[in-house]
Amino acid sequence: MWSPRCGGGPRAAALHVADLLMMKGEYQVRPELPFVPGMEAAGLVIEVGDQVTHLARGDRVLAVMTRGAIAGAVVVPGAQVARIPDSMTYSAAATFGIAYFTAYAALHFRAGLRAGETVLVTGALGGVARAVAQLAKAAGASVLAASRDLAEARSELREHVDEVVDADPDSIAEVVKHRTEGRGADVVVDVVGGPLLGQLVRATAWEGRLVIVGFAAGTPSPIKPGHLLVKNISVLGLQSTDYWPRRPYRVQAALGHLLSLVDAGALSIPEPREFRLDEIDLAIRAVTESSRRGVVILIDQDERTAAE
């Protein structure tokens, strides 16, 4: 638990598209009204439960939750809270947990990524895709990132991927096969859906794994069962938040591992755009206009870290 009083408290809380959909009643989960939005935050611990052994009062932490982050106080299950490195700002930490845990779950829980394999990730400039690229590289994989904005993706991701390819449904399969000497990608992580999904199967290697994370481009095109059969391809779904109540020990271990990579300098975490509580309208507009940088609400009004 944390609170802005007693010398501790939340410093920043992320604002996501999912929060906006929840506010409009359009999300798959519809909480009872009224409710407090916000699915992740960072701040200082003021109290821990009797069974929590990995945290103490005063620790700088991040937390992931179903809702309630944009508030003066929040109670979170211990497994969903992790200590952050001293080098990590509260704003960066507040946008880290969900994107990087989702990427970790896609690569390791679902796809069983092995060193030396090739990973293809779509939606290259989005937060989850960036996390997939960095974690795949950290695991010893080669990384291809698919984007329709080739120039920007190549500029922003040059340190994290081996190559950026055009996310054109008509050509992506042949391009990926060409870049992998005809094999295709061992692991494909798709956050886009739309007309691209059906073609990603053709870009997948024999015994490859296709992990479906989201449908940012709308309803996905059908997958032909014959394509799965002839190459022994596995198609895997991922709803990463299901792990929180069902496998809390895996969540705690994953968050700890991810933050150790941050501490070691193995991950590059961008600073998000920051807004005060009285700028909530601007923050909502920023989320709706672009998903390429995170957005945080500063609960502590003096915490404008990225600007400093």
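Modeller: Let's start with a term: buried means under 20% relative accessible area, exposed means over 50%, and partly exposed is in between (1.4 Å probe, protein chains only). This is a predicted model, where local features need pLDDT of at least 70, side-chain atom pairs count only at pLDDT 80 or more, and totals for chains, interfaces and linings use all residues. Residues are numbered from 1 along each chain as its sequence is written, and side-chain values use heavy atoms, with hydrogens and water left out.

Colleague: Okay, why does phenylalanine 109 count as buried?

Modeller: Its relative accessible area is 16%, which is under the limit, so it is buried. Tyrosine 104 is buried too.

Colleague: And what makes tyrosine 243 buried?

Modeller: Same test: tyrosine 243 has 13% relative accessibility, so it passes as well.

Colleague: How many aromatic pairs are there?

Modeller: Rings of Phe, Tyr and Trp (its six-membered ring) pair if their centres lie within 6.5 Å; planes under 30 degrees apart are stacked, over 60 edge-to-face, and the rest tilted. By that rule there are five.

Colleague: Why is the pair of tyrosine 104 and phenylalanine 109 called edge-to-face?

Modeller: The centres are 5.7 Å apart, so the rings pair, and the planes are at 90°, so the label is edge-to-face.

Colleague: What makes the pair of phenylalanine 109 and tyrosine 243 tilted?

Modeller: The centres are 4.9 Å apart and the planes 55° apart; that angle falls between the two limits, so the pair is tilted. Phenylalanine 109 sits in helix α3 and tyrosine 243 in helix α9 (residues 243–246), 134 residues apart. Helices here are DSSP runs (H or I, at least four residues), numbered from the N terminus.

Colleague: Why is α3 described as mostly covered?

Modeller: Twelve of its 14 residues are buried, including Tyr100 and Leu107.

Conventions: Helices (H or I, at least four residues) and strands (E, at least two) are DSSP runs, numbered from the N terminus.
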